[in-house]
Amino acid sequence: MKRALIYFALGTVLSFLINYLFIDGKHIGLEIYYAIAFGLAWGMAYFLDNPKFSLVQKMGSSFGVMALLVAIGAVIFNLELAIPSILKFSTVFVAYYLIASFRGSKSLRN
């Protein structure tokens with residue numbers, strides 16, 4: 001759990017710094033929201049990268065977090081600005097497991 005929180009924190013900070021400094025820094029609240037979605041994807045993927053979780057549980061958890069991201073984003077901003085957060089989340093989540101699939105253990109934890 002501690003490592004998952006570290007992945008979340010590092011992913012959030014790095015994503016925010018890259019987006020704010022190099023891409024677009026006009027709406028800081030939106031940049032923080034997108035950075036949290038990015039960090040949350042890394043943290044959740046690492047946390048769920050465990051044999052005790054089935055594929056259904058992993059997928060259900062990721063869809064639940066995406067629904068939560070859209071709901072929070074729609075309340076704070078609007079639905080149009082909330083959709084990119086789930087695109088960031090799902091891209092990172094899938095990338096984590098794609099990278100893990102190339103390893104013999106099918107996990108990035110070991």
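A residue counts as buried when its relative accessible area is under 20%, as exposed when it is over 50%, and as partly exposed in between (1.4 Å probe, protein chains only). With that in hand, let us look around. This is a predicted model, in which local features need pLDDT of at least 70, side-chain atom pairs count only at pLDDT 80 or more, and totals for chains, interfaces and linings use all residues. Residues are numbered from 1 along each chain as its sequence is written, and side-chain values use heavy atoms, leaving out hydrogens and water.

**The overall fold**

The protein has four helices and zero strands, in the order α-α-α-α. Its radius of gyration is 14 Å, close to the 13 Å of the globule rule for 110 residues, so the protein is as compact as a globular protein of that length. That radius is taken over C-alpha atoms, and the rule is 2.2 Å times the number of residues to the power 0.38. Helices here are DSSP runs (H or I, at least four residues), strands are runs of E (at least two), and both are numbered from the N terminus.

Along the principal axes, the C-alpha atoms fill a box of roughly 45 × 25 × 25 Å. Of the 110 residues, 34% count as buried. Contact means heavy atoms within 4.5 Å; among contacts between residues at least 6 apart in sequence, 67% join residues at least 24 apart.

**The annotated spans**

An unreviewed UniProt entry annotates residues 5–22, 28–48, 60–79 and 85–102 as "transmembrane region". Positions follow the numbering used here, feature names are shortened, and annotations may be inferred rather than shown by experiment. Two of these spans are described below.

Ser15 sits in helix α1, which covers residues 2–23. Is Ser15 buried or exposed? Ser15 is buried, its relative accessible area being 7%. Apart from neighbours within four places in sequence, Ser15 is in contact with Tyr34, Ala35 and Phe38.

Ser54 belongs to the loop between α2 (28–48) and α3 (55–76). Ser54 counts as partly exposed because its relative accessibility is 36%. Between Ser54 and Phe8 there are 46 residues in sequence and 22 Å in space, C-alpha to C-alpha.
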